[in-house]
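Hi there,

Here is the structure I promised to pass on to you.

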Amino acid sequence: MKMKFKRRLKKLFSKKVSINLSKNALIRLLSFILVLSVPVAVIRVFLASKHLSNSSVQEMAGIYGTVTDRFGQTLYDGDNKNEKIFGSVIYGGKMMENVITAKYKDLLTPGKVGYLLGHRTLEEKPRVLKTTLLSEESQKQLVNLFGNKSGCCFSYNYKTGEVYTAISLPGYSSSSDSSYINRCFSSVYIPGSTMKFVTSVLAIEQNMDMTKLSYTCTGSLTLPDGTKINCPGAHGKQKFVDGLGNSCNCFFASIIMKLDLDKAIESMKKMGFSVNEDKAQAGKIDRLSKETSRLNITNTASFKNVWSLIGQGSSQVNAVDMAVIAGAVANDGKAATPYIVSSVTNVNKKDKIIYEAKTQSKEYMSENGAEKMQLFWGNAVKQNYHPNGYSTLIDYAKTGTAETNSKGSVNKTLVGVIEEADTAFYIVVEDWHSGEVLPAAVANTLASLLPKNSD
């Protein structure tokens, strides 16, 4: 009996010792693993910090990547090379969401980095986002022409969709609220007489015989409702090309009153306008949000409506929209959808292209209508614009003076096309005063900087 008890006691004691030994071994093993992991963790933290230290701004915003111009020259690598030019289109601070580095964050960011053990998708080199933009040097020339004026200069290739400039002034500044938007995308302007090229398309699309139109301007035209449309002076007898070149308000009022309202509204919507608060499809350029051009027209014989189609009143246009419509005129009715991002490349994976833009086009007017407009518009420019200082590289152009308030403040606007470069543009100089830069000076310089087409 005693022997049996001793055997049980010995067996129990052995299990206890074994359990204690197992616990001690486990503690020693965990301690050993922890000691080994410290250098690994330090290395991982160093690598992660190295990856994120490209810019404290990048780290705060969670945005990575290098952004280049169309030639591969760096415009942004965590710090803007020139915030005044590129801040409101590439990256201008955490307050700005409508910029390409924010909209393409999913492609530029390799993944979250674990500071202790790192992350399996950690990449040592930033990905490269290539834009379609002109070089910094070229854009500086255009920006310098504006001096201290606010405004914008949008230009793009209406055949490929490549955006060459999306200049918005004032540029990025931490002290200016207006710097938190890009005027090319996020603003609308009263167009002034630049609207007349759109109104001309409306008339041509309704099969109005522009060759037979004739009007004698005495400086004023009384509308059926008793109100008057005035011109700065009497233009005398004019054909359509003269009226377009002279920007005669009275001539255009006489054309507007002949328009079929329903057909005019249909054409305006086809050109991307929101008419009578009927919301057009939400505006986009690449992944960026864009304001939509808009106006109200309910009676083509009333002052309010005629004045809007002349370019005042309820008319508000977006620079991108106007350039696209001008491009469609030059391109037989169709125009490519603008884009800024050409490609995104992962240099850590043998320069693997993870995104590449594709050209997409849309019809904005009939081919026949566009061809007729080309003829009239081109002749008006040769007759009235080239002799007055406009570069002969500019094939189509329409100026505008937009009254912005009752105190006489005006914006100077210009829409046009440079066929040698397959480029359409829209330029605005805000709050213009006599002697200050005109959009024509910007357009002339732009024409000299653009890449020539490959045709």
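Below is what was found in it.

This is a predicted model, in which local features need pLDDT of at least 70 and side-chain atom pairs count only at pLDDT 80 or more, while totals for chains, interfaces and linings use all residues. Residues are numbered from 1 along each chain as its sequence is written, and side-chain values use heavy atoms, with hydrogens and water left out.

The chain has a mean pLDDT (the predictor's confidence in each residue, from 0 to 100) of 85, and 79% of its residues reach 70 or more. Over residues 15-19 the pLDDT is below 50.

Next, the inside. Buried means under 20% relative accessible area, exposed over 50%, and partly exposed in between, using a 1.4 Å probe and protein chains only. Helices (H or I, at least four residues) and strands (E, at least two) are DSSP runs, numbered from the N terminus.

Helix H15 (residues 439-449) is largely enclosed by the rest of the structure, because eight of its eleven residues are buried. Among them are Pro439, Val442 and Leu449.

Finally, the cysteines. The whole structure has zero disulfides (pairs of cysteine sulfur atoms within 2.5 Å). The sulfur of Cys153 is 7.1 Å from the closest cysteine sulfur, in Cys184, too far for a bond.

Happy exploring!

Methods:
Contact = heavy atoms within 4.5 Å.
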